[in-house]
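Welcome! Here is a short tour for anyone meeting this protein model for the opening time. Please have a look at it before reading on.

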Amino acid sequence: MPMVTIPAGQVAAGHLPPVCARHGEQATAMKKVNLFSKPPAWAAVLIIAGVLPYLIVVMALRKTVKAPAWPWCAKCTAQRTRNLLIGLGLIVLAFVLIVVFASAQSDAAALGLLLAFVAFLAGIIVATRSSTQAVTGAFVSKDGNLVEVAKADERFAYVLSHPGARL
Ligand SMILES: [Zn+2]
């Protein structure tokens with residue numbers, strides 16, 4: 001799985017091969033997607049100061065590349081649906097646990113509510129992974145000049161570096 005970097009300008013111009021970067025499959029759609037940079041690791045420390053300062057700093061540092069036509073394949077759609085369903089399933093499970101254990105009169109109640117909390121958090125995390133950018137696996141570099149696909153498919157890497165080539 002090579003790391004592939006594409007100039008941000010090329011992505012913003014929509015000059016990408018119709019091959020999924022992540023799965024190497026023929027694209028079923030060229031999607032409009034906003035790609036962002038990852039928050040710097042040190043920003044996590046700001047969580048201690050609160051969610052709001054963290055968000056403000058992360059948003060201020062964030063680099064965006066608007067891709068008008070990012071290759072999207074059938075596997076991308078399947079991955080998004082699966083993550084969304086698992087995520088929502090865990091959130092529903094959390095609420096069921098709350099309803100069941102909220103009326104329980106014992107130590108089981110505390111354990112049940114803890115489980116509900118864990119299921120809820122896990123559900124949010126999995127559901128977030130169904131976002132378009134999460135599925136593409138593409139991130140903007142810190143300086144905003146490149147779009148990086150950390151685990152690109154070999155076929156995408158090949159077609160990208162050989163314009164005009166076909167799968
Ligand atoms: Zn795909």
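## Ground rules

Contact means that heavy atoms lie within 4.5 Å. The model is a predicted one: local features need pLDDT of at least 70, side-chain atom pairs count only at pLDDT 80 or more, and totals for chains, interfaces and linings use all residues. Residues are numbered from 1 along each chain as its sequence is written, and side-chain values use heavy atoms, with hydrogens and water left out.

## A residue in a helix

Let us begin with Gln-79, which sits in helix α3 (residues 74-102). Helices (H or I, at least four residues) and strands (E, at least two) are DSSP runs, numbered from the N terminus. Not counting residues up to four places away in sequence, Gln-79 touches Arg-22, His-23 and Val-135.

Is Gln-79 buried or exposed? Gln-79 is buried, with a relative accessible area of 12%. Buried means under 20% relative accessible area, exposed over 50%, and partly exposed in between (1.4 Å probe, protein chains only).

## The sheet

Next comes an open sheet of three strands, in the order β1-β5-β4, with antiparallel pairing. Its edge strands, β1 (4-7) and β4 (138-140), each pair on one side only. Two strands pair if DSSP finds at least two bridges between them. β4 and strand β5 (residues 146-149) pair in the antiparallel sense over three bridges, and Phe-139 stands opposite Glu-148 in β5.

Val-149 also belongs to strand β5. This residue is buried, with a relative accessible area of 0%. Leaving aside neighbours within four places in sequence, Val-149 is in contact with several residues, among them Pro-2, Val-4, Trp-70 and Ala-138. Val-149 and Met-1 are 148 residues apart in sequence and 9.8 Å apart in space, C-alpha to C-alpha.

## The largest pocket

A pocket is an open set of points on a 1 Å grid over the protein atoms alone, where a 1.4 Å probe fits, with protein on both sides within 12 Å along at least five of seven lines; lining residues have an atom within 4 Å of a point. The largest pocket is lined by 23 residues, of which Lys-38, Pro-39, Gln-133, Ala-134 and Phe-139 lie nearest its centre. The elements giving two or more residues to this lining are α2 (51-61), α4 (107-128) and α5 (132-136). The largest share, four residues, comes from α2.
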